[in-house]
Amino acid sequence: MKKILVIGIAAALAIGMIVTAYAAIVGAKKEGAVEYVGAQKEIFKTGKAASVVNLEELAGKKGVFAIGPIDGLDGEITIFDSKPYITKVRGNDYTVDKTLKHGAIFLVWTEQANWVDFPLPASVKGYADLQKFIKEQAQKAGVDVTKPFPFLMAGTPTEIKWHINVDRTEGKPITKELFAKSKQGYVEKNEPVDIIGFYAEGHPGEFISQYAPAIKEGSGMQNFIHIHLVSKTSKAAGHIDDITFGDGMVLRLPK
């Protein structure tokens, strides 16, 4: 009887360990197919860019697409189909690490295996056009646009302006001005890429910036997307600020 009891306890502990390994990330919120933890606005409330999650908590999960900034304003997180591309500015160049050994200030992600393709029409020429098209196409496809949802893109844009966070605060509390300063910009032209994005109208200051370089304050528009690129031909990976589209681009929405 004691032997059976010991075996039962051991089995329960083993099951518990498995459940723990795949449990939801502490503090994460889930809406529809999207999960997120932390918030951009906390940076300005606290003056710090502290880690709220270790990326290793995503280890073992399949079909993960995630984006966010590295803690300490020290880089960008882009995870495409569970493969991490962590870029950090180092000297006059930047590095790419393909491990999950990093912390994030905030993170938004989805676990999605099935997508439906929609060709990007010629009328979609840039960032603002894209934002409008994503919502329209998602509504037609039956996606609940009142909740955050992920999207992908593939193809060869004419130009992408993008950045990697790099700490330029000199140890001072982080303000919006210092946050904007702590970015190193890059430009890619006619380079085939995969793009990971999230659309959300009710989450400014969380994982969506209210405004973006392509949608400025006072323009009469508000930013509803957060997008990252992963190049298919170079080490480029990071946050997209603006984009000009070429022919043959494809938008992918959750099936």
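This note covers the strands, the nonpolar cores and the salt bridges of a predicted model.

1. Basis. Local features need pLDDT of at least 70, side-chain atom pairs count only at pLDDT 80 or more, and totals for chains, interfaces and linings use all residues. Residues are numbered from 1 along each chain as its sequence is written, and side-chain values use heavy atoms, with hydrogens and water left out.

2. Strand 2. Helices (H or I, at least four residues) and strands (E, at least two) are DSSP runs, numbered from the N terminus. Strands pair if DSSP finds at least two bridges between them. Strand 2 (residues 34-37) runs antiparallel to strand 1 (residues 29-31), with three bridges. The two form a hairpin with two residues between them. Gly32 in that turn has a positive phi of about 60°. Four bridges join strand 2 to strand 9 (residues 107-111), also antiparallel.

3. Tyr36. Lys29 stands opposite Tyr36. In strand 9, the bridge partner of Tyr36 is Val108. Both faces of strand 2 are covered: Val34 and Tyr36 are buried on one side, Glu35 and Val37 on the other. Buried means under 20% relative accessible area, exposed over 50%, partly exposed in between (1.4 Å probe, protein chains only).

4. Cores. A nonpolar core is a set of buried Ala, Val, Leu, Ile, Met, Phe, Trp, Tyr and Cys residues joined through side-chain atoms within 4.5 Å. The largest has 36 residues, and Phe151 and Met153 touch the most other members. Helix 3 (127-140) supplies the largest share, five residues. A second, separate core of 23 residues includes Ile67, Leu73, Tyr85 and Phe198.

5. Phe151 contacts. Contact means heavy atoms within 4.5 Å. Not counting residues up to four places away in sequence, Phe151 touches, among others, Trp115, Ile134, Phe198 and Arg252.

6. Salt bridges. A salt bridge puts a side-chain nitrogen of Lys or Arg within 4 Å of a carboxyl oxygen of Asp or Glu. The whole structure has ten. Asp74, Lys88 and Arg90 are linked in a network of them.

7. Arg252 and Asp117 form a salt bridge, closest N and O atoms 2.9 Å apart. Arg252 lies in strand 17 and Asp117 in strand 10 (residues 115-119), so the pair ties together parts 135 residues apart in sequence. Lys135 and Glu201 also meet in a salt bridge (2.9 Å, N to O). Lys135 lies in helix 3 and Glu201 in the loop between strand 14 and strand 15, so this pair ties together parts 66 residues apart in sequence.

8. Local pair. Lys45 forms a salt bridge with Glu42, at 3.6 Å between the closest N and O atoms. Both lie in helix 2 (residues 41-46), three residues apart. Lys45 is exposed at 61% relative accessibility; Glu42 is partly exposed at 36%.
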